[in-house]
Amino acid sequence: MIALAMGRPDALLASTRAAPRPDEIDVATLARCAAQDPVAFRAFVARYERRVFALLSRLLGRGPHVEDLAQEAFLRAFRAFPRFDAAREARPSTWLLTIATRLALDAKRSRALVSLVPLAADAAVPIAAAAHVSAATDPEAEHGRRELGRAIARAAATLSDDQRAVFVLSEFHDLSHAEIARAVGSTEATVKTRLFRAREHMRARLRDGEERPDER
Amino acid sequence: MSDDWSAWEPEEPPDGFADRVAERARAEATQRTASGSLPPARPMRRWRAAGFAVALAAASAAALLLRGSSLPSASAGDAEAKNREEIILGPRAIAVLEPGARITWRGDHVTQARGNVFYRIEPGSTFSVETAAGDVTVKGTCFRVKVREETQMNGRDMKAGVLGAALGAAALVGVYEGKVALSQPKGGSVDITAGQSAVADSRGVRANGSLDDGNRAFADGSSGKDEPLLAANASLADSVKVYKTRLELIEEEKKKLEKDLAAAQDKLAAAEGGAQLGGAKKSEFDLGEDDWKQLAKQGQVKARYPCEPKPGDYGPKALDKMGLRPEDGKTITSAFAASQKRRWAVIRPLCAQALGGALDVADKIGEGACIAVVQTIANQKDSAGADEGIRRAAEIRAGLRPMPGPDEQINSVERMMLALTGEAKTIEGELTKSLGPDDAKRVIFGDDEGCWKNNGWGVGPRASGGPQN
């Protein structure tokens, strides 16, 4: 169904033609969250907690601050729910990740978080090796995959905060350029540029094996 | 080489994270409500005991806020309390009714017919409590209104100053926080601050000392009932006022008739001169049967309906600008209120059904969100059926299909669209009776005044079939 918004459309009058996404929470629960129902909000947190932790830990590195900021992001969402505008937000997850991203960037800018991605003790594995280890099931290959993960984390740690945010939101959370631009407070053109450079930088660091223990 | 970043494992949420966050959200909501409902800490004062009782009532009301789903809450309604009853009046007010109290409310306006009611108003625009004896206006505070003797007087009578209906009625207002104004249309006004009380009765409005003094005086009737001679004099004075008011009303009626006559003469002259009536550009929402046929072909519907009327809408200034009389404001806002009631009677159960039977949630999220919820759930369940509901609603409005009966089985989207798309014409018909056809059309389809919702939905034409023109 296409909503032809004319004059002053209702805030939640959204185009709803698209099939419901199984990875998004249902409209009824969203409506209850908007009515500040804590039970529904618990369901909302349970649905999206992994995504928020994933985003924050990749943006800021692992540590107790991730849980603190995740909690703050959800509470901000709870407070903002009465104003949640389904007509503007393509997905609830995008809206929530936008809140979490801004929170993370603000935390970095205010220097509230000193340490970034914790550095691994072992050597990096070049990205070229990924094809050989990604489908691994044996312990050795699994070890290789962990090494690769650490290498990617270290490479990401060398990105600027804005580049890292753009990279993570695009590669891991499937946000469009427009959605990322809104999340980081930038333009789509800037997002495209940052994303291109971030990918190039990541590939170069991993391809050239720069992410080695002695170079950290 | 394709990029594969998935080896970068993120941190997982710890066990119980969702529970902890939900609990914090609940606590925060509790704190928010409590801080808004309980009077802030103040030095002990002489009305301490009364204040404590009010704090208890407020806390009780605040606790109700937290109960969420079981809460009686609506932007309009009426209530008569058999026991102590707490009611949320729209988004910013709580009323605690003592047994026997009776109120009706709409938006930020309450009419208290009788009894003892405590109010807690969150800061915002003006909130008013109308009683037979006087009106209370506030911008956010705690106060109690006690009304003695119920009357049949309605708001219109009160505004017009028909005091006959108010004979014998008295209202005591006690303020626990902030400042309120107690007034009568022709009896003056008095500001009351925290810890003070005032009374309004047939002798006018006056300060009445402290809260305790006021309560005592009101309890033994000394403020509202005087000795027989005084009462007789007051009665005579009120009779004079009644006659004066009747004369004023007759004068107003005369003016109205003169205006109608002039308008009719103008129209006649225009028609005789071959001029077209209502030369203004037609609104895209002013839809006749032919317009609807076009929309039906395209699988579209359009709807224009008024927002919830607020006190002050269509005030004398705005009405004057539109060339309407001051008394037309009430006609218009009443028609809008009736429109909202009609729409909500249809949309509320559809919304609750979409939400699994949760009428309370439907009440909380309101009409706008409910429209989206009904649409979304219908689409999720049966997208083609929801689209068909749009097309059928357009065809019914075009006269290509009969209007289904209220008990006829049709899908929720069709039912909702029929409720929304018929409102502009229904209101136009109602207003035409009082304002005449041109003014009615201008009020509804003009852009002069008021808050309107203009919506449209389109799903495209059917691949084949459908009723013939």
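This report walks through a strand and its partners, then the cysteines, in a predicted model.

## Strand 4 of chain B

Let's start with strand 4 of chain B, which spans residues 93–97 and is mostly covered, with five of its five residues buried. Ala93(B), Ala95(B) and Leu97(B) point one way from this strand, while Ile94(B) and Val96(B) point the other way. In a regular strand, side chains alternate between the two faces of the sheet. Here the residues on both sides of strand 4 of chain B are buried.

## Its two neighbours

On one pairing, strand 3 of chain B (residues 85–89) runs antiparallel to strand 4 of chain B and is joined to it by five bridges.

## The cysteines

Over all chains, the count comes to one disulfide. It joins Cys351(B) to Cys370(B), with an S to S distance of 2.2 Å. The pair links distant parts of the chain, 19 residues apart: Cys351(B) lies in helix 8 of chain B (residues 328–354) and Cys370(B) in helix 9 of chain B (residues 359–381). The link is left-handed, with -70 degrees about the S-S bond, and both of its cysteines are buried.

Two further cysteines are worth a look: Cys33(A) is buried because its relative accessible area is 0%, and Cys142(B) counts as buried at 0% relative accessibility.

Key:
Residues are numbered from 1 along each chain as its sequence is written. Chains are lettered from A and ligands numbered from 1 in the order in which they are written. This is a predicted model: local features need pLDDT of at least 70, side-chain atom pairs count only at pLDDT 80 or more; totals for chains, interfaces and linings use all residues. Side-chain values use heavy atoms; hydrogens and water are left out. Buried means under 20% relative accessible area, exposed over 50%, partly exposed in between (1.4 Å probe, protein chains only). Helices (H or I, at least four residues) and strands (E, at least two) are DSSP runs, numbered from the N terminus. Two strands pair if DSSP finds at least two bridges between them. A disulfide is a pair of cysteine sulfur atoms within 2.5 Å.
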